[in-house]
Amino acid sequence: MPKISIAGNHGEDIRSDCLVKMSLSEKGSIRLKLVSKVETMYGDQIRSLVKDILSFYGIKHADILVQDSGALDFVLAARMEAAIRQLTGDTREYLLPSSGAKSVYTGRDHIRFTRLYIPGNTPKLMINAGIHKADGIILDLEDSVPPARKAEARLLVRNALRAVSFYQSERMVRINQLPQGLDDLDLIVPQDPHVILIPKTETPVQVKHVAERIANLGKKRKIWLIPIIESALGIENAFFIASASPDIAAVAIGLEDYTADIGVNRTISGDESLFARMRIVNACKAAGVQPLDSVFPDVADEKGLIDSAVRSKSLGFEGLGCIHPRQIHIVHDCFMPGSEEIARACRIIVAFETAESKGLGVVSLGSKMIDRPVVNRALATIELAERFELLKKNWRLEYEKE
């Protein structure tokens, strides 16, 4: 065990966080030094919380420095717990009362046009993430967290799930690559996330390991799974992965790692990943789950993002990852059905229903024949338009008159 533990962050650019340095001694007392710009208003509250955490772990002799940059209680508690675990190996969980801010249940068919990635060790980005109205908020324990900080990030994400309201966004957590990610589940699953993302999935066995671990933790509410395929082997196994568990709601592709794995550079056109992306779409459609596209990496390139999202939708994807809040509304608008698309879908359904009512075996719209797959696509478009109130309830009357 180390003689001195350090957890958290401090510096000029750090907000809503704190740095905790701690050492234990065999005698003496608790010596706490607090450095905080808000000490006048919140110093007593911070000291009280620190002492309560120390009491919980039975620590009576310690030197502690807390450099506070506006950390909320759930952040300070996570940093203190991480520092104590480093020094003592005590794995008991110190849990503040839950805020009760858990959002409503979401189903397999939940709209997932946008999912916003939030680094799992950066509390300032978590606190107001829900106001950006992404369909899903991903608290990331994998690529955005350095290896040396993963243990404390896990505690912070656990506390954020208990304390932060993400409003109507799905509460998602991307765990670490297996087998490390299985240990993440022990802390994360009891806090009722809606979705667990499984990075670098290459075989259905990995999905089954995650599903089994979640089941063994005894959660009654459904937790959906989204495997992320990021390698050539994963692409080859796409259908087997997509159908590995009834808990899978979607499969995503990770293009940064995929292109690196096949030895090419990722381009704006996406030609180098077209085969892989279509393989994902086809596998997902065959398995009855949603195909989700990768992130667009250039935050400043709005036109490139629009082109990427439009192309993604045209390939059959049902959502795109976002790495910055400014991308959310752009991606959302691109995946929403447009007015012409909705109008055509309405005409198709009206033509089909009219032909059926007359007992006609052949249905056409203008010079084009309408078959069942075309009707199904039109129904899906109308369902989406109705969800977002883009259609009047009596829309049929308008199109029956044409």
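These are my notebook entries on a few spots I looked up in this structure, which is a predicted model.

**Entry: two helices side by side**

I started with helix H5, residues 180-188, and helix H6, residues 204-216. Their axes come within 10 Å and cross at roughly 25°. Angles under 35 degrees count as roughly parallel, so I wrote down H5 and H6 as roughly parallel to each other. I also noted the hand: H5 passes H6 in a right-handed crossing.

Next I wanted the residues that meet there. On the H5 side I found Leu182, Asp183, Leu185 and Asp186. On the H6 side they meet His209, Val210, Arg213 and Ile214. I sorted the residues of this contact by type and got four nonpolar, one polar and three charged.

**Entry: the cores**

Which residues have the most contacts inside the largest nonpolar core? I got Leu139, Ile196 and Val210, in a core of 94 residues. Helix H2, residues 73-88, gives the most to this core, with 10 residues. Val210 was already in my notes, as one of the H6 residues that meet H5.

I then followed Ile196. Leaving out residues up to four places away in sequence, Ile196 touches Val173, Ile175, Leu185 and Ile188, among others. Its list also includes Val210, Ile214, Ile223, Trp224, Leu225 and Ile226.

Where is the cis peptide bond I wrote down? It runs from Leu178 to Pro179, with omega near 10°. I placed Pro179 in the loop between strand S7 (170-174) and H5, the helix I began with.

Then I checked Tyr167. Its phi is near 55°, a positive value in a residue other than glycine. Tyr167 is found in the loop between helix H4 (150-163) and S7. Is Tyr167 exposed, buried or partly exposed? I have it as partly exposed, with a relative accessible area of 47%.

Glu389 was my last stop. It has a positive phi of about 55° although it is not a glycine. I located Glu389 in the loop between helix H14 (372-387) and helix H15 (395-400). Its relative accessible area is 72%, and over 50% counts as exposed, so I logged Glu389 as exposed.

Methods:
Residues numbered from 1 in each chain as written. Predicted model: local features only at pLDDT ≥ 70, side-chain atom pairs only at ≥ 80, totals over all residues. Heavy atoms only, no water. Axes fitted to C-alpha atoms, helices over the stretch in contact; angles between N-to-C directions. Helix = DSSP H or I, 4+ residues; strand = E, 2+ residues; numbered from the N terminus. Parallel < 35°, antiparallel > 145°, perpendicular 65-115°, else oblique. Left-handed = near helix turned anticlockwise from the far one by under 90°. Contact = heavy atoms within 4.5 Å. Nonpolar A, V, L, I, M, F, W, Y, C, P; charged D, E, K, R; others polar. Core = buried A, V, L, I, M, F, W, Y, C linked by side-chain atoms within 4.5 Å. Buried < 20%, exposed > 50% of the residue type's maximum accessible area, 1.4 Å probe, protein only.
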